[in-house]
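Work through these exercises with the structure open beside you. Try each task before reading its solution.

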Amino acid sequence: MTKQACHFEMRAQSTSPYPMILHTPFSAPSLFSSCTSYRALRLHPFLSPKRRRSVMPRLFTVAAAAAAENGVFTSPQTSKSFDFANEERIYSWWESQGYFRPNFDRGTDPFVISMPPPNVTGSLHMGHAMFVTLEDIMVRYHRMKGRPTLWVPGTDHAGIATQLVVERMLASEGIKRVDLGREEFVKRVWEWKEKYGGTITNQIKRLGASCDWKREHFTLDEQLSRAVVEAFVRLHEKGLIYQGSYMVNWSPSLQTAVSDLEVEYHEESGSLYYIKYRVAGGSKTDFLTIATTRPETLFGDVAIAVHPEDDRYSKYINRMAIVPMTYGRHIPIIADKLVEKEFGTGVLKISPGHDHNDYNLARKLGLPILNVMNKDGTLNKVAGLYCGLDRFEARKKLWADLEETGLAVKKEPHTLRVPRSQRGGEVIEPLVSKQWFVTMEPLAEKALQAVEKGDLKIIPERFDKIYNHWLSNIKDWCISRQLWWGHRIPVWYIVGKDCEEEYIVARSFEEALGKAQEKYGREAKIYQDPDVLDTWFSSALWPFSTLGWPDESTEDFRRFYPTSMLETGHDILFFWVARMVMMGIEFTGTVPFSHIYLHGLIRDPEGRKMSKTLGNVIDPLDTIKEYGTDALRFTLALGTAGQDLNLSTERLTSNKAFTNKLWNAGKFVLQNLPSQNDASWESILMYKLLNGITYILHPAKKDEILWVPEYAVGMLNSLLLTYKWYIEASKARLSQSGSVSEASVAQAVLLYVFENILQLLHPFMPFVTEELWQALPNRKEALIASPWPLTSLPRQIISIKKFENLQALTRAIRNARAEYSVEPVKRISASIVANAEVTEYIMKEKVVLALLSRLDLQSINFTDSPPVNADQSVHLVAGEGLEAYLPLVDMVDITSEIQRLHKRLSKMQTEYDGLIARLNSPKFKEKAPEVIVRGVQEKAAEAEEKITLTKNRLALLESTALVT
């Protein structure tokens, strides 16, 4: 083969989208293998050798100068460790160079992802850090694959949250919203948004989010507002939007309906009240006892239900009961099989105006709806003497009155499941209210078909069932909110007409006025519905409204829709994701994205949900200051799709240390390269690595879109551990004086593989990898825009197997040294027993074996049978046909070790006997919880195993002592 044919082949287009493990040998023999233990990655840091004599001149200042010439980057040659303060400078440089914008120079098939818009009121939390990390990994990968990549950022106007924040701000100034009026209040909210709304955006940038910020959107900006109005009008024209009075979640302090997502249920201590309902026309002994947690709602009772086969109450069916404290109001006693005879007293009060289940039952049975509560949480005139009292005050007074009249049976402590507002924390009241609704069933049917036909794939697949169940049992969506901040509902009423019957839906005031005057005459006047739309309504249009819809002729819509991926938390699969699917199909005729990737929640080290109450909240910005963005991102990326992740400082500390190890690896590489004006530099570039580099490809999925963090973590763990092996092994090559060719090959591979590692790591750890990339010689492009490494080179099975044997042997010797506490600096002898083929290869790598295993190079013996002192040696089986014998006398002081092990054995035996005594104690087994008993059993089994191992080691040492 000619010398010209021996150049690097570094930039070929990848044919496999899933490069899972990169294996690179130096020279022909392979020095890499597939190692998947992440824990092992932490055990052995990249080593900076204390003694290293390269046959090539080192590169010290040239690369450092090149990296620092633009004032953005620093080099491992001039900096001891990666400085986290450089991250913002690197990010600004990326953005200024236009790397975040889609580039069609290398491809035409775009990868598009829409960022879940965080609330404009928000401050960065770990949930944000999770989705930013995962989405940025996907975006950076596909950008390097050559695809035009668009990540659309933006923020949500967050109707309730934002209005609440501004109202509180005004309250601190002694101002009430109603005193300002709607127009002035909305103006104040916009002023607040302009001043504080950019906080969350800047914090997201701090995480390294490579979004196209020139395409940033806000759900209340002009384009998206136009899309919201168009969507409402089209749905109404199809008969899918209607107005009616139905049960909603009502927030008394906010004076608005809230979505199910904005209601959080808390287990709280409360009371269960037992109350007598007398039977009309009966004696004093004719009464039914009901149990309720909210006695104040009895004023809204419209019936009492019992099971038709309950003998206790069958005689009262079809008679009337008297509602307590209502001046004798009568309600029917009815029979229904839905009543559980064994639950409580077996009597159910039906208050359809204030309970979701009662409301559904009343509609089924044709019972009236009676509301006893005002919108502010006080009782209305239906409550009689209790009118005007707050609901909780009324509860106390009512119970006192019931006790006084003899209608109170008893009050018991009871654990309640209390619905509270996510925003204000107040107790939510189920209330029948006039609202706007979207008919969901026909929309849901198409969304179900999308998953069934495979047009939409959910990761992980187990969420298919949850998605299908929710859409199959979907209820109509309440889309109106009684707020001032948000998209005003595009409905106008005619002054002087019945607003329930006479209203106009239009795209603007002018259009509505024209329709009104056309129908009611030139003198007709109109006024707009005061309500705004649910924030989730505008969010449901996000993937296509941000790309120009309803104008489908815009360049962005034509180029980038439908999008490729939707990544978000599994907790909003229903409230946001499913609604986007339904709206996307309805308005564009296609699913808005082909894949949904759902991540889990971030929890504390004990698996608890993070909350200010528990004091276990971990702030991402504080974490970045202490550990660096790269360490945080790499930690979050280790999670599994759909699974919650327990975040601990131990993980963060470990990955911060890994960032430093990577930095030291860069320092090692740079210190062992020749200067660029050295003649040997050209020889390095001339080496053909295709004959010497092995790539192992393990495609995780056939579909390239599925290259997501979960599938790539295994690759990175193996790759990084593998490169650690190469760095250690390369020291043997670089230190061999006189062998210019071997050292050159080692340098060439060292550089080439390090480049590939930086490229593969970049989506996960963008800052430190870009800094190191810029420190390497001949950098003509930024790492963020560099092509993804080759994934289609041949796999050299024989070479890989050979080095796997060397690795296995090295590990076995290292483990034995650790087990016998051999001092790190001590060199020991070894006898290697193997067949001829394995022996030939191991002998060639004898220097590497000695270096990595800390063996005495002159005392390594190769044989095809056990040595004569085998019975006085530690016997290791490294693999099939490969064994080693390590003489004990080389490893330990046998006499001292025997004494130490006897003491240790005595202590272990005492501990073991104590555990067995506990397990044999009848009282312990009877009183201790099962989990405690199981824990003691496990400790006893572990102690027994350690005792056996220690006895075996003692026997070996004592037999050796006798011989010696």
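**Exercise 1.** Which residues in α20 meet which residues in α25?

Solution. Start with the ground rules. This is a predicted model, where local features need pLDDT of at least 70, side-chain atom pairs count only at pLDDT 80 or more, and totals for chains, interfaces and linings use all residues. Residues are numbered from 1 along each chain as its sequence is written, and side-chain values use heavy atoms, with hydrogens and water left out.

Step 1: find the helices. Helix α20 covers residues 629-637, and helix α25 covers residues 766-775. (Helices are DSSP runs of H or I with at least four residues, strands are runs of E with at least two, and both are numbered from the N terminus.)

Step 2: list the contacts, meaning heavy atoms within 4.5 Å. Thr629, Asp630 and Arg633 of α20 touch Pro766, Phe767 and Val768 of α25.

Step 3: sort them by class. The contact has three nonpolar, one polar and two charged residues. (Nonpolar: Ala, Val, Leu, Ile, Met, Phe, Trp, Tyr, Cys and Pro; charged: Asp, Glu, Lys and Arg; polar: the others, Gly among them.)

**Exercise 2.** Find the largest nonpolar core and name the residues with the most contacts inside it.

Solution. Step 1: define the term. A nonpolar core is a set of buried Ala, Val, Leu, Ile, Met, Phe, Trp, Tyr and Cys residues joined through side-chain atoms within 4.5 Å. Buried means under 20% relative accessible area, exposed over 50%, and partly exposed in between (1.4 Å probe, protein chains only).

Step 2: read off the core. The largest one has 87 residues, and Trp94, Tyr723 and Phe754 have the most contacts inside it. Helix α24 (residues 740-761) gives the largest share, twelve residues.

Step 3: look elsewhere. Another core, of 63 residues, lies apart from it and includes Leu443 and Phe560.

**Exercise 3.** Where are the prolines Pro460 and Pro562?

Solution. Step 1: Pro460 sits in the loop between β16 (457-459) and α13 (463-472). The peptide bond from Ile459 to Pro460 is cis, with omega near 0 degrees.

Step 2: Pro562 sits in the loop between α17 (555-560) and β23 (563-569). Tyr561 and Pro562 are also joined by a cis peptide bond, with omega about 0 degrees.

**Exercise 4.** Is Asn318 buried or exposed?

Solution. Step 1: locate Asn318 in the loop between β10 (303-306) and β11 (320-322).

Step 2: check its area. Asn318 has a relative accessible area of 70%, so it is exposed.

Step 3: check the backbone. Phi of Asn318 is near 75 degrees, a positive value in a residue other than glycine.

Conventions
Axes are lines fitted to C-alpha atoms, for helices over the stretch in contact, and angles run from 0 to 180 degrees between N-to-C directions.
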